Amino acid sequence: IFELLDAHTEVRGRAGAQPLPPFTDQIEFRDVSFAYEDGHGRSTLRNVSFSVPAGQMIAIVGRSGAGKTTLVNLLPGFYDVTGGAILIDGRDLRDVTLASLRAQIGIVTQEIVLFDDTIAGNIAYGTAGATLEQIEAAARAANAHDFIAAQPDGYRTMIGERGQRLSGGQRQRLAIARALLKNSPLLILDEATSALDNESERLVQEALATLLMNRTSFVIAHRLSTVRRADAIIVLERGRVVEIGRHDDLIARPNGTYARLHQLQLLEA
C-alpha cells in the first residue's frame, strides 16, 4: 500500500536518515504546523501539540475540513511538517528512513486498496513469507474466515480489480486481516466503518476491537459513538487542537466543541 502511495509523497530532508528502532515509548506532535504547497499558503494544521504513550487509543474528531486526515497522514511520512516536529521515541521522523517507519505502521481506511488477486494474496500483501495458516488465523481474528470459506475457491478465490466481487464489509475485513497479519505496533484507522450497513459495521467493529488490542492507534471516526472507549480524544477545529480529554470529561463541557458535535449527531439520529 505504501508503495502505491509513494507517488504522492512529498518528503524532504531524508539525507543521512537512520532506521527507526522498534517503537516502545511514545509519539509526540510538537508544535506541528502543515500547509499544502498549493500556492495559497493556507495552513491546514497550526501549532498542534500532544503526546501518545505506547498502547493507547487516540481518537481524532472534528468537522469536515478540520485537518483530521492531514494530521494522521503526517505520521507515515506522506508529507513532511512545515513547522514543528513529530517524534517517535524521541527521534524526529525526518531523521529516520521511510521504509523502517512504515514497516511499523498499519493503515485501514474507508477506501481499501485491493488487487485482482486471490483472497490469500490480498491478505498477505506487505507481509513477506506469510503461510496459509497465518493468513487464515488473521482472517478468523478479523471475522472474515466464514465468508471466505463460503467462496467457490476459499482463500484461492480471485476477487477482481479493487475487490469488486466482495461487499464493502467484506473488503474492510480483508483490510483488517491484512493489518493483523502485518502485526504493526502503530495503527491508523481513518473512517473505517463510515460507509457500511449496520450488520457489516457490527462485524467490522468486532474485528477492529481485536486489531486495536495492545497497539498504539490513531482513530478517525465520523460516528462519535465509536470513540467512547478512546484513552484520549483530540478535537480539531480549523487545524488547531481545541480540546483533549476522555469522552465523559468532554461531554460534561456543555459549551465545548466536542459536546456540540455530539449533540448534533444525536439530533441527526
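1. Let's start with Arg-215 and its neighbours. Leaving out residues up to four places away in sequence, Arg-215 touches Gly-55, Gln-56, Leu-180, Asn-183, Ser-184, Pro-185 and Leu-187; contact here means heavy atoms within 4.5 Å.

2. A word on what you are looking at. This is a predicted model, where local features need pLDDT of at least 70 and side-chain atom pairs count only at pLDDT 80 or more, while totals for chains, interfaces and linings use all residues. Residues are numbered from 1 along each chain as its sequence is written, and side-chain values use heavy atoms, with hydrogens and water left out.

3. Where does Arg-215 sit? Find the loop between helix H8 (198-212) and S8. Helices (H or I, at least four residues) and strands (E, at least two) are DSSP runs, numbered from the N terminus.

4. Arg-215 is buried yet has no salt bridge, and Asp-231, the nearest side chain of opposite charge, is 13 Å away. Buried means under 20% relative accessible area, exposed over 50%, and partly exposed in between (1.4 Å probe, protein chains only). A salt bridge needs a side-chain nitrogen of Lys or Arg within 4 Å of a carboxyl oxygen of Asp or Glu. For charge, Lys and Arg count as positive and Asp and Glu as negative; His and the chain ends are not counted.

5. What does the side chain of Arg-215 have beside it? One of its polar atoms lies 2.6 Å from the backbone oxygen of Leu-211. The side chains of Arg-215 and Asn-183 are also joined by a polar contact of 3.0 Å. Such a contact is a pair of N or O atoms within 3.5 Å; within protein, one must be able to donate a hydrogen and the other to accept it, and residues adjacent in sequence count only if both atoms are side-chain atoms.

6. Now for the rings: the structure holds six aromatic pairs. The rings of Phe-29 and Phe-50 are stacked, because their centres are 4.6 Å apart and their planes at 15°. Rings of Phe, Tyr and Trp (its six-membered ring) pair if their centres lie within 6.5 Å; planes under 30 degrees apart count as stacked, over 60 as edge-to-face and the rest as tilted. This pair links strand S1 (residues 26-35) with strand S2 (residues 43-53), the two residues being 21 apart.

7. Phe-29 also forms a tilted pair with Phe-218, at 6.4 Å centre to centre and 50° between the planes. Phe-218 is in strand S8 (residues 216-220), 189 residues from Phe-29. Both are buried, and ring pairs link Phe-29, Phe-50 and Phe-218 into a cluster.
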